[in-house]
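Q: Hey, I've got a new structure to get my head around. Could you walk me through it?

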Amino acid sequence: MQRAVMITGLGLLLAGGLLWLTGALDGLAGWLQAGQRGAQDQLAGAIRALRSGEAGALAAFWTVCFGYGVLHAAGPGHGKLIIGGYGVARRVPVGRLAGLALASSLAQAAVAVALVYALVAVLGLTRSAVEGLAADWVAPVGHAMIAGLGLWLVWRGIGGLRRMAADAGRAAGPDHGPDHRHGHHDHSHDPHHVHGPDCGHAHGPTIEEAARVHSFRDGVTLVAGIALRPCSGALFVLILTWQLGIAMAGVIGAFVMGLGTATVTVAVAAMAVWAREGAFAALPQGRVARAIPVVEVALGGVIAVAALGLLVGSL
Amino acid sequence: MWRIFLLGGLLTAGAAPALAHPHVWIETQIEVIVNDRNEATALRISWTYDDLYSLYIVGDMGLDPDWDGKLTPEEEARLSGFDMDWDPDFAGDIYALQGDTPLALSRPKDWTATYAGEKITSTHLRSFDAPVPLSDVAEAKPLVVQAYDPGYYVAYSIPFDPVVTGGAGCSAATFVPDMDEAQEKLLAALSEYTPDVDLEAEFPAVGAGFAEEVRVTCSAP
């Protein structure tokens, strides 16, 4: 009964967080959209000012780029779903998740720069070719990577649930501490290891290393998955500035946009970790251990379904 | 648990502005062309693009090299049709309905494009496959024309008053969605979900709840 209450509460927390992350509850949607629209017009004005060589135009242009990044990140988007979902599903230190959020925002800008300069400037392809390539090839690869990450979380979670069912068959041991919990999961890839009630021996350096490798792979997938969906705003700015002969201003502008986006995704990262730790702190330790695989399955499922939806939509 | 999965699925099903936010803004005007039997035969759609997208297109096509915001007639002729090369499955982001019945529209034709006030405005004509009676008293269902992008890459609004050309006693008005009501509908759809409901079929109606629309009616001829 208590467990059911806990899971319901957790589900509500997740659903609420997800609604917030995806903007479905966003009473500010209209306000945000007006802001995005305003930033769009200001960006056009800033580029015109650059073209006519007005004093201070460059600083104004970069300022607008930053604002454009913040406003576009504040709306619903795939980056926040992935960062937030991953942060709730996996116990990841807030600093690392924030770093991943920043890295993915900057990598997203880098992808836009690479696309535009490789295709337009070097190969002489047209704008529509860049848009087509971004939509038909680059984004689907990113979506597939994210779907893979989601499915992997589900797979881990299911493994955890099965082990829990097996553990339940034995005598209940003392409640698991947080460190144990972590090792417990990462250790699941060793099929020969049997967990006793006292799992102290399991915390060898190899397991820590294995955890790091997983985190590293997760991180790379996460950053690449987010980055491979270049922002249209950055593409607009890069192509326009290239044609104006102020390519460098545009490249810097794209990265400044990325920094603006990062302000929001880093905040989402912090909130995700906070929500996870807060929710778990409110629960008895043993229940926490049991909740983890459930959360992994749920959030992994959400991420996978969302990414697959995007993948299908982008094919 | 299924609810969370469902939520993710629903939100990505495409119609709601779920994982997308707009990057292009288009202000739409809708002209309804009515014959002398008070049947709508065609729609003329006018799209005015936002400053940045207009600048982007004009710049990319190498038009307006002197940046004076004006195009020569030759340049406008080159611009014309820049947005009319539609994929076969692109519905044109215009959805016409009478009651609950979607009405089929032709591919675009007779397109134009102009550049003024730092904005591109393009127009195109789309015919109804069958004339749509507007003064059927027994039915009394207005013709509804909605402007929205199911993928929400483009944000459409209808700030310009609709125009009715031809017919007798016909009028058109714009309706802006009640966002609270649309949100409630979305949440209601989520809570009422049962596994036998076809999400793909059911969902667009919710998404359309966020769209601005023009309603056209005529008094009896």
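Q: Before we start, what should I know about the numbering and the model?
A: Residues are numbered from 1 along each chain as its sequence is written, and chains are lettered from A and ligands numbered from 1 in the order in which they are written. This is a predicted model, where local features need pLDDT of at least 70, side-chain atom pairs count only at pLDDT 80 or more, and totals for chains, interfaces and linings use all residues, while side-chain values use heavy atoms, with hydrogens and water left out.

Q: Okay, chain A. How many helices and strands are in there?
A: Eleven helices and zero strands. Helices here are DSSP runs of H or I with at least four residues, strands are runs of E with at least two, and both are numbered from the N terminus.

Q: And how much of chain A is buried?
A: Of its 315 residues, 52% count as buried. Buried means under 20% relative accessible area, exposed is over 50%, and partly exposed is in between (1.4 Å probe, protein chains only).

Q: What about contacts along chain A, what share joins residues at least 24 apart?
A: That's 83%, counting contacts between residues at least 6 apart in sequence. Contact means heavy atoms within 4.5 Å.

Q: Let's zoom in. Where is Ser104(A)?
A: Ser104(A) is in helix H5 of chain A, which covers residues 94-122.

Q: Buried or exposed?
A: Ser104(A) is buried, because its relative accessible area is 1%.

Q: What does the side chain of Ser104(A) reach?
A: The backbone oxygen of Ala101(A), at 2.9 Å.

Q: How do H4(A) and H5(A) pack?
A: Helix H4 of chain A (residues 78-89) packs on H5(A) at an angle of about 160°, with the axes 11 Å apart. Axes are lines fitted to C-alpha atoms, for helices over the stretch in contact, and angles run from 0 to 180 degrees between N-to-C directions. H4(A) and H5(A) are therefore roughly antiparallel. For the wording, under 35 degrees is roughly parallel, over 145 roughly antiparallel, 65 to 115 roughly perpendicular, and the rest oblique.

Q: Who makes that contact?
A: H4(A) brings His78(A), Ile83(A), Tyr86(A) and Gly87(A), while H5(A) brings Leu97(A), Leu100(A), Ala101(A), Ser104(A) and Gln108(A).

Q: And H5(A) with H9(A), at what angle do they cross?
A: Roughly 40°, and the axes of H5(A) and H9(A) (residues 232-244) come within 10 Å. H5(A) and H9(A) are therefore oblique to each other. Residues in that contact include Val113(A) and Tyr117(A) of H5(A), and Leu238(A) and Trp242(A) of H9(A).

Q: Switching to chain B. What's the strand order in the open sheet of five strands?
A: E4-E3-E7-E11-E10, with antiparallel pairing. Two strands pair if DSSP finds at least two bridges between them. The edge strands are E4(B) (101-103) and E10(B) (170-175), each pairing on one side only. On average, neighbouring strands are turned by 25° against each other, direction ignored.

Q: How many bridges join E3(B) to E4(B)?
A: Three, with E3(B) spanning residues 94-98 and the two running antiparallel. Leu97(B) has Pro102(B) in E4(B) as its bridge partner.

Q: What does E6(B) do with E5(B)?
A: The two form a hairpin with two residues between them, and Gly117(B) in the turn has a positive phi of about 60°. Six bridges join E5(B) (residues 109-116) to E6(B), running antiparallel.

Q: And how many bridges join E2(B) to E6(B)?
A: Nine, again antiparallel, with E2(B) at residues 39-49 and E6(B) at residues 119-133. Ser46(B) lies in E2(B) and counts as buried, because its relative accessibility is 12%.

Q: Last one: how covered is H2(B)?
A: Mostly: eight of its ten residues are buried. Asp50(B) caps the N-terminal end, with a side-chain oxygen 3.0 Å from the backbone nitrogen of Leu52(B). Just after H2(B), Gly62(B) takes a positive phi of about 70°.

Technical notes. A polar contact is a pair of N or O atoms within 3.5 Å; within protein, one must be able to donate a hydrogen and the other to accept it, and residues adjacent in sequence count only if both atoms are side-chain atoms.
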